[in-house]
Each structure stands twice: as structure tokens, then as C-alpha cells.
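Here is a short briefing on one protein model.

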Amino acid sequence: MTDIAAWLPDQAPLAALSNLRTNLLTEFDRPVVENVLEAARVNIALGFGAEARQILTLLPVEEAAQQAALYDLSYLVDLEPGPRRAFSGMESCDSYAALWAILALATEGSERSATAPNTAAVTRSFSALSQDLRRHLAPALVSYFMAGGDETTARRLRDAVLRMPGPTGQQVRLMDAGIELATGNADAAADIAEEVLSDPGVSAAEAAILRAESAFRGDRLLPPDLAAQLAALTAELRGTDSYSRIRRAEVLTLAMTGNFRAAFDLLPEAPDTDGDLWDLASVAAPDEILLTEALKVSVPPRGKREVNRQVAQRLLRFGFAQEALHWLGPAGSLEAEADRVLAAEAALAIRDARLTVRILAGLGGAEADALRARAAIQLGNANAAAAIFLASGDKRRALRAEFWAGDWSYIADQDAAGLSPAAAILLSSPAVGASEGILARGTRLAGESETAREAIVDLMQAVPEQFP
């Protein structure tokens, strides 16, 4: 039987515990098994797990071996894993055992049970617990279900606590903040964490972590002293289970307050924060820091494509085309049009026109066509580039490509100020009349020279306009 709510004494807890302790042993110091078990159950029901374990040490060895569930309960009410795993596999039971099986998984750090949990039995059993025990156990249970994506059960457990009369306590308020954060209400989570931080007590670390996480998922605005608070708390929590979480919060806080140098320096102690730090740095880090850190990265984070794209854009802007391709990833893996266009630009920058063509294969649009044409020019096929520009309706660039190709017939036929007259001169062949005299020939050559001079002047003036 694991209905510990039924173990609560009828009289005041202090009086009940005092009375139970007087009847544990006989006059010859032999344990009275029933009295020992009853005293342990009452202590567990009141949330005194360590005291219950101390009492259970009085049991004879053979009796103690039969009390695996009671021993594990004494640990679970203290939010510690039960060493005997008495409730393993009982998550689907339609009894109190389901609650204890889930709590055992939560205290062990497991995010998912092997079998589908009986959430109705869990919430029913939880609601039957004493108010103090509900407040004590709720944060661990709610976190477990939120981690598993069961928001409905998490909210039911939370509501079973919030409906109780009296103050809820900091741990329950932070549990509520965790639910708000996980369900997208970052502002509400930040407000709760801020309230707890004003008088944190033993909840300082959790409140500071939630304040940083809510800012990261929300408006990214933080109180100026949070980074210093986190630094102090991190020093206190070194070596504990909370260290990685608070280190992550410190890294994010430093970045959100503009201290990217310190944030990257601490990143090796919070490697799971890599992608989120780059999310912040890709848009806000100073150029010098971003370039320094981006060039050191051997394996870019792959969490958010837009982050990698932003870093690649900034690298390319400063001439690091090969590194930009590295941040974008293998050419064959690129799917988003923006990634492919940027990769094609980087490939052109390193003069790998064939790679550009492969990246753009099957991609339409004016931007992709312009890059294909530039690749054709790099490959020495200006006529192909002109054809691409003409097909896309960009006559100005087509004219430029034909100029590079030396297609003077095409240029001469266009109505291009400065270019067409010059092309016409190149195509014309002087016709010398049979009866042309010396003076007539001189006059003609002078006229042609003047025409050529004017065409060249017009050409020089037209080139900046035609080919910006």
C-alpha cells in the first residue's frame, strides 16, 4: 500500500511523532515491528524521509528486506532516487504506484518512461497528498512532464498546488515560471523570476537561471546586475548538478548585455549553449569578435540555419569566402534558396565558377540567373552570360556581357548611348574611291578621326553609367 495520504496522523504532527517514538522498542530494546513501520509511514507522509530511514534501521534484517517500497518512498519524498527501484515499470498502474514510479524517474533525471504513464492516476494520487508534500514534490513532477512534452499533466499538477490556500512558496512560483517559459510566455516567466530574485533565499540560483532563459526567449532585456549575480552563484554551485545550467545562464546573460568576449571565453564550460550563443552573436557581436570566433570553429552549430547564414554573410562581407562556405555546410545539403544563393556568391568569390553552377542547379529567379551569368563570365563564356541576362530581361547586363565578348555587331544594333557608335566604328571598313584625291582623302580621314574621337569620349562617359 502506497497511499501515504492515509498514513497522516489524526492528531497534531509533533504530538503524533513524539508518541510513536516512545513505542518503537520493548524493555529489552527489541524492535516492535508494527510500531516501527507505523512510525516510518507517518514520517514519510509528513515528508520526513531521512527520519523515516533512520527508524527503519531498527527493523530486523528479514523484515527490512520485505520493505523495499517503504525504503524507496523515504528517499522519494526527499526527492532522491529510490535505491531499491521498487516502483520501476509501474508508471502505467492505476494506483498510487504510478505517481511514485514517475517521481522515481524524475529524481533519476530520466526524461521519458519506458511505458505510457497513467497520468490520470498520477494527478489523482498527487491531489490526495498533504498540502506541504504537494508543494514539495510539484516542481520535480512538473519539470518531468514538461520535459516530456506533456503540458496538460504539468498544468494539472501545478493547478493542484496553486488552488491550495496560503502562500505557495518560492519553489512553486518558480515551477509556475518554468511552465510559462516552456509554453511560450516568456514575459510572464520573467516577471515571476524577477519577483523571486528580489528576495531569493535558497531559490536564488533557479530564479536567476529562469530570468536569463526567459530573457533569451523573450525580449532579451536584462537587469544590469544579473551577470554579476550569476557569476557569484556559479562559483558557489561548482561541482553540483546545477552547475551546467547556471553556467549556460551566465554565458547567455553576458552575451545579451553585450559582453561577447567574456561569453565566448566561458563557452567551453557550457558547450550545450554553443548554438544559442551564436544566435545572439550572429546579429549583435562586434565584427572583430565575430570574425575571430567564427574562424576558430571547426564544426559550426547546426541548430538554426538562419544563424549560420547570418555568420556566413558577415564572413563573406569581410572577404572570408571559403570560411563562409564552411559555415553554410556542404553544397549538396543546402535546401533554402537564401543559403544556396549565398553559397553561390561565396563560390564566385573564390573563383570556383563550376561549384557556383552546381549550387544553383534547378534554382530560378533573377538573383540566381545573375550569379549563373557571372559564373559563365568567369569560365570565359561571355556570350552565354549575355544569353542568360537576355532571357531574364536584363538588357543592360546583357549589353555589358556582349561588350566583354566583343560582339560589336550586337552592340552596334542597340540604342546604347556611347556604346553603339563606338561599335559601329569598329565594324566600318574605309572605302577609298578610285578618283579620290589627296585633299579629299585627307578631309575624309580628318572627319573619321573627329568622329572616332567623339565616339571614344562618349564611350568613356557611358561606361560608368552602363556598367556600374
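The points below are grouped by topic.

This is a predicted model, in which local features need pLDDT of at least 70, side-chain atom pairs count only at pLDDT 80 or more, and totals for chains, interfaces and linings use all residues. Residues are numbered from 1 along each chain as its sequence is written, and side-chain values use heavy atoms, with hydrogens and water left out.

**Confidence**
- The protein averages a pLDDT (the predictor's confidence in each residue, from 0 to 100) of 82.
- At least 70 is the score of 81% of the residues.
- Residues 437-446 stay under 50, with five contacts (heavy atoms within 4.5 Å) beyond four places in sequence.
- Residues 464-468 also stay under 50, with 11 such contacts.
- Where pLDDT is low, predicted coordinates should not be read in detail.

**Nonpolar cores**
- A nonpolar core joins buried (under 20% relative accessible area, 1.4 Å probe, protein chains only) Ala, Val, Leu, Ile, Met, Phe, Trp, Tyr and Cys residues through side-chain atoms within 4.5 Å.
- The largest one has 74 residues; F260, F264, L277, W278 and W327 touch the most other members.
- Helix α12 (residues 204-217) gives this core its largest share, nine residues.
- Another core, of 49 residues, lies apart and includes L24, I44, I102 and I179.
- Beyond four places in sequence, the contacts of W327 include W278, A294, R302 and L315.

**T123**
- T123 sits in helix α7 (residues 119-127); helices are DSSP runs of H or I, at least four residues, numbered from the N terminus.
- T123 counts as buried because its relative accessibility is 14%.
- Its side chain reaches the backbone oxygen of A120 at 3.0 Å.
- Leaving out residues up to four places away in sequence, T123 touches T153, R156 and L157.

Terms used: Buried means under 20% relative accessible area, exposed over 50%, partly exposed in between (1.4 Å probe, protein chains only). Helices (H or I, at least four residues) and strands (E, at least two) are DSSP runs, numbered from the N terminus. A polar contact is a pair of N or O atoms within 3.5 Å; within protein, one must be able to donate a hydrogen and the other to accept it, and residues adjacent in sequence count only if both atoms are side-chain atoms.
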